[in-house]
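Please read it alongside the sequence and the coordinates shown below.

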Amino acid sequence: MNDVVNSSAGNTGTINAAGVSIKDLRKSYGSNEVLKGISLDVAPGEVVCLIGPSGSGKSTLLRCVNLLEQPNEGAIHVGGFEATHPDVDIDKMRRTVGMVFQQFNLFPHLDAKRNCTIAQTKVLKRSQEEADKVAQHNLERVGLGHLSDRFPDQLSGGQQQRVAIARALSMDPELMLFDEPTSALDPETVGDVLSVMRNLAKEGMTMLVVTHEMGFAREVADRVVFMDGGVVVEEGVAEQVISAPTQARTKEFLRRVLDPTHIEIEE
Amino acid sequence: MAMTARQRARVSLYVQIGIFVVAVAALVLATDWKTVGNSVFNFGKIGPMFPDIFLVGLKNTLIYTFLGFVVGLSGGLLLALMKLSSFPLYRWIATGYIEFFRGVPALLVFIAFGYGVPLAFGVQWNVTLIVMISLGMVASAYIAETLRAGLQAVPKGQLEAARSLGMPQWRAMVSIVIPQAFKIVLPPLTNEVILLTKDSSLIYVLGLTASQYDLTKFGRDGISSLGAGLTPLLVAGAFYLVITIPLSLLARKFESRSARTKR
Ligand SMILES: Nc1ncnc2c1ncn2[C@@H]1O[C@H](COP(=O)(O)OP(=O)(O)O)[C@@H](O)[C@H]1O
Ligand SMILES: [Mg+2]
């Protein structure tokens, strides 16, 4: 964990955080309505953790924000973009939204540095030299500057996830989406990834994080949103939702997540 | 008396070896060795085949195969992408093409492009072009199916990660998905080259000048001119193995490499 301690030193103070506004969002797969009218606002620089049981629609909600899923109804604004407008330039909007996946999804045919440069050169049209510099800076930011020539299969899960974060950061995003970034990790590497995310939050990034790490949510999140069955059941200040939930479903969920003898089966 | 499984396996092995030995012995005894010596292993008379079968025949076979492969790879990639397209018309065209060219004998394709097209359109194509098109069109159909499988084997998350970085669909395919698909299909693709090498021999149906002869044509010519029976074909066959065995070894190397990285 030593290698991430100084990661905030890499902060250039250039985060241009964007807000998110979601109104009455509905999404169905066939006849299965997965999101049943979700409204959620995230202010610029705010960190919101999304919690809830498996299948409650957390991933779908996150994927609607950068249009990996097409919403059926409702409105989503991301920074200056109206994501749900029929004429929105999807690719341009996505450049401002970084996404981190549960399974990392690093490009296995490229080393860590090229993972971080390919979209910079091909999408942002940066020179290879500039892209390399940005990539190196961001790899150092996640504590992996010394492993920039490793390929994904030569890195541990936690290292891969940190490269994935560096890859997203290399596009200078204004918002970061995390979909259970530590759920696929060995327990001993979870801490490094959370510590990178904690630093990012301190630097002022807008973050929407799906997680089961209640400790992280309590410490880092400004707000916690509990979802169940495609609706927002409860939301509020992190400490209040986690320590003193008002809704029965929230209490039941937290009891199961926080009970160490309970075995959660996640897909 | 009952046998253990191991004893039974051993007896079964002895029986198999016995059958094999008897079969080989019968074949050796039944063979007319004098005739075979004159007409199949008559290496004394094949001198005139050299060095041209090597300098011209081998070279041309390699060129024809290479050209066919280049066309087949480009056409195959296009067809594979069409087959995976969300646009139904593209899928139908690709499916029709693939089923047709996998279904008809390659020989007919050579005849169609060698004789049919010149007749129908009054054009005179040179042999290299005809081989390139005939072989390439047949290869496209086979390679398309191989590449389609490769493209589908790339996890969906790869495309999603690329798109989430702001890459347009085509860029994500070109930079992220297609390179990984090629890596996956390298072994079967190498096998396609082996098949193509052999299919290139079908140009014998076209009228060839001496400088256009491939290995098989040299072999067939040798049969009629050298009086060494089928020996020239044996020589030509040996040259094919010179090409195909290294390719085969290469395919196996690719296979073991991808088996190692897939943990
Ligand atoms: N591509 C899809 N096609 C059909 N159903 C889907 C798809 N993605 C998710 N679902 C369904 O939507 C529901 C919510 O899934 P998801 O958003 O992944 O939940 P969570 O991330 O909270 O576990 C689940 O019932 C799941 O089966
Ligand atoms: Mg999920």
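In this predicted model, G52(A) has a relative accessibility of 0% and so counts as buried, the cut-off being under 20%. The residue sits in the loop that runs between strand 3 (47–51) and helix 1 of chain A. Leaving out residues up to four places away in sequence, G52(A) touches K58(A), H212(A), F226(A), M227(A) and F253(A). A further relation across the chain is that to T211(A), which is 159 residues apart from G52(A) along the chain, while the C-alpha atoms of the two are separated by 8.6 Å.

Eleven residues surround ligand 1, and the closest of them are G55(A), G57(A), K58(A), S59(A) and T60(A). When this shell is sorted by class, it has three nonpolar, six polar and two charged residues. The atom pairs between ligand 1 and chain A that are described here are set out in the following table.

| Residue and its atom | Atom of ligand 1 | Distance |
|---|---|---|
| Y29(A), side-chain N or O | nitrogen | 3.5 Å |
| S56(A), backbone N or O | oxygen | 3.2 Å |
| T60(A), side-chain N or O | oxygen | 2.5 Å |

With these pairs in view, the cover over the ligand can be stated: of the 570 Å² of accessible area that ligand 1 has on its own, the protein covers 63%.

**Cysteines**

A search of the whole structure finds zero disulfides over all chains. C64(A) is accordingly in no disulfide, and the nearest cysteine sulfur, which belongs to C49(A), is 19 Å away.

**Backbone geometry**

L67(A) is not a glycine, yet has a positive phi of about 65°. This residue follows helix 1 of chain A and is placed in the loop between that helix and strand 4 (73–78) of chain A. L67(A) counts as buried because its relative accessible area is 5%.

F104(A), also not a glycine, has a positive phi of about 65° as well. Its place is in the loop between strand 6 (97–100) and helix 3 (112–122) of chain A, and F104(A) is buried because its relative accessible area is 10%.

In chain B, the peptide bond from F50(B) to P51(B) is cis, with omega near 0°. P51(B) is found in the loop between helix 2 (33–39) and helix 3 (52–83) of chain B.

**Two buried residues in helices of chain B**

T61(B) is found in helix 3 of chain B and counts as buried because its relative accessibility is 0%. Apart from residues up to four places away in sequence, T61(B) touches T197(B), S200(B), D214(B), L215(B), Y240(B) and I243(B).

S175(B) lies in helix 8 (residues 169–199) of chain B and is buried because its relative accessible area is 9%. The side chains of S175(B) and R171(B) are joined by a polar contact of 2.8 Å. Once neighbours within four places in sequence are left aside, S175(B) is in contact with H109(A), I118(A) and K122(A).

How values were computed. Residues numbered from 1 in each chain as written. Chains lettered and ligands numbered in written order. Predicted model: local features only at pLDDT ≥ 70, side-chain atom pairs only at ≥ 80, totals over all residues. Heavy atoms only, no water. Near = heavy atom within 4 Å. Polar contact = N/O pair within 3.5 Å; in protein donor to acceptor, adjacent residues only side chain to side chain. Areas by Shrake-Rupley, 256 points an atom, 1.4 Å probe, with all protein chains shown as cover. Nonpolar A, V, L, I, M, F, W, Y, C, P; charged D, E, K, R; others polar. Helix = DSSP H or I, 4+ residues; strand = E, 2+ residues; numbered from the N terminus. Buried < 20%, exposed > 50% of the residue type's maximum accessible area, 1.4 Å probe, protein only. Contact = heavy atoms within 4.5 Å. Disulfide = S-S within 2.5 Å.
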